[in-house]
Amino acid sequence: MKDDYGRHIDYMRVSLTDRCNFRCRYCMPEEGIDMLSHREILSFEEILRVISVAVKRGITKIRLTGGEPLVRKGVPGLIRRIKSIEGISSVSMTTNGYLLGEMAHELKESGLDRVNISLDSIKREKFQHITRRDGLEMVISGIDKAIEAGLSPIKLNTVVIGGTNDDEILDLVRFAAGRKLTLRFIEQMPFSDDNRDDFISAHEIKDIIAGKFGTASVPDIDESALFKGFGPSEHYRFGENGPVVGFITPISNHFCSRCNRLRLTADGKLKPCLLSHDEIDLRTALRSGCSDRDLEGILSYAVDRKPKGHLLNSDIFERSRGMSKIGG
Ligand code: SAM
Ligand code: SF4
């Protein structure tokens, strides 16, 4: 599918649940969250139907996310069925890694192609402060099991929070390099009540890494690769033979012009843009006997509604659902 701005949409992020076994400060409050009921979330059958129709409209890559996708039962079976849909070229997942230790091999066998694992700290107490869970050991064991299972390329995603984990930037770079993994720093987006003042830009993070390893190279952004579905990150090598580090910069450098994705929330809403309120209800259509043709029409409509760019930096930006309810 091509949108009005010439962007080729071939990638769909599918949120399997709004539930999570963590409570990361920038994503979810500790308490008082209204969770979707079983009836409200799309069944696997419904998700598979949407994907099989989306494939006809040119979607070839699926990323499973959440909430935490691995807290939903039966995910390996779902992956197997998605992989069997003709036209799907890859199925990947974004996870907090807590349950990966026990599931990595089964996920690999089910056909999962690769995995992104979120890791904001390698210090136990700080990890616990950020995620509000004592889970560092489990996550590191999950990362190592994912490597062992061959779920590569594995990427680690780190959200840097000023005054919290910005002192660990170099340690995290070394941690990833030691395991030959790609690390990407994500700029924090203002989704929770207490994260408007602790923003650290990718520029500041780059300076810290360059101070240790040497100047950053020209970024490696292969536009054609991006249009083919690679993530909206820019990768830099620091120094002659130093580490390669990625940056995802929704705040300081919009990647909207390269956005190739649609999002499906756990309750069956299509989101043309992560950072807009706009949602198109697919669940009602799915549950009222619509034809595949109708579904194709709704998908095309969602693509047509993709805005040219988001308003995150402007005064008129209003938060949409929290990240755990969208899927990041
Ligand atoms: N639970 C999984 C995980 O944490 O990887 C998948 C869902 S999570 C919403 C997807 C990604 O969004 C994670 O890498 C997380 O760090 C990121 N994220 C969540 N809230 C964010 C925020 N306010 N700003 C930037 N990234 C955020
Ligand atoms: Fe859960 Fe991921 Fe949100 Fe953290 S970022 S609370 S792990 S959904």
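The following exercises, with worked solutions, concern a predicted model.

**Exercise 1.** Determine whether the span of helix α1 (residues 44–56) agrees with its number of residues.

*Solution.* Step one: helix α1 has 13 residues, and at 1.5 Å a residue they should span 18 Å. The expected span is 1.5 Å times one less than the number of residues. Step three: beyond the helix, α1 is followed by G58, whose phi is positive, near 100°.

**Exercise 2.** Identify the buried residues of α1 and the elements against which they pack.

*Solution.* Step one: the buried residues of α1 are F44, E46, I47, L48, V50, I51, V53, A54 and V55. Step two: these buried residues pack against strands β1 (11–15), β2 (61–65) and β9 (261–264), as well as helices α2 (75–83), α9 (283–286) and α10 (292–304). Step three: the largest nonpolar core has 85 residues, among which I51, L64 and F185 touch the most other members. Helix α1 supplies the largest share of this core, eight residues. In soluble globular proteins, nonpolar side chains tend to be buried together.

**Exercise 3.** Describe the surroundings of ligand 2 and the polar contacts of ligand 1.

*Solution.* Step one: C20, F22, C24, C27, M28, G67 and N96 surround ligand 2. By class, this shell holds five nonpolar, two polar and no charged residues. Step two: 19 residues lie around ligand 1, and Y26, G67, E68, S118 and M189 come nearest. Step three: a nitrogen atom of ligand 1 lies 3.0 Å from a backbone N or O atom of Y26. The side chain of E68 has an N or O atom 3.2 Å from a nitrogen atom of ligand 1. A polar backbone atom of T95 is 3.2 Å from an oxygen atom of ligand 1.

How values were computed. Residues are numbered from 1 along each chain as its sequence is written. Chains are lettered from A and ligands numbered from 1 in the order in which they are written. This is a predicted model: local features need pLDDT of at least 70, side-chain atom pairs count only at pLDDT 80 or more; totals for chains, interfaces and linings use all residues. Side-chain values use heavy atoms; hydrogens and water are left out. A residue is near a molecule or strand if one of its heavy atoms lies within 4 Å of it. Ala, Val, Leu, Ile, Met, Phe, Trp, Tyr, Cys and Pro count as nonpolar, Asp, Glu, Lys and Arg as charged, and the others, Gly among them, as polar. Helices (H or I, at least four residues) and strands (E, at least two) are DSSP runs, numbered from the N terminus. Buried means under 20% relative accessible area, exposed over 50%, partly exposed in between (1.4 Å probe, protein chains only). Contact means heavy atoms within 4.5 Å. A nonpolar core is a set of buried Ala, Val, Leu, Ile, Met, Phe, Trp, Tyr and Cys residues joined through side-chain atoms within 4.5 Å. A polar contact is a pair of N or O atoms within 3.5 Å; within protein, one must be able to donate a hydrogen and the other to accept it, and residues adjacent in sequence count only if both atoms are side-chain atoms.
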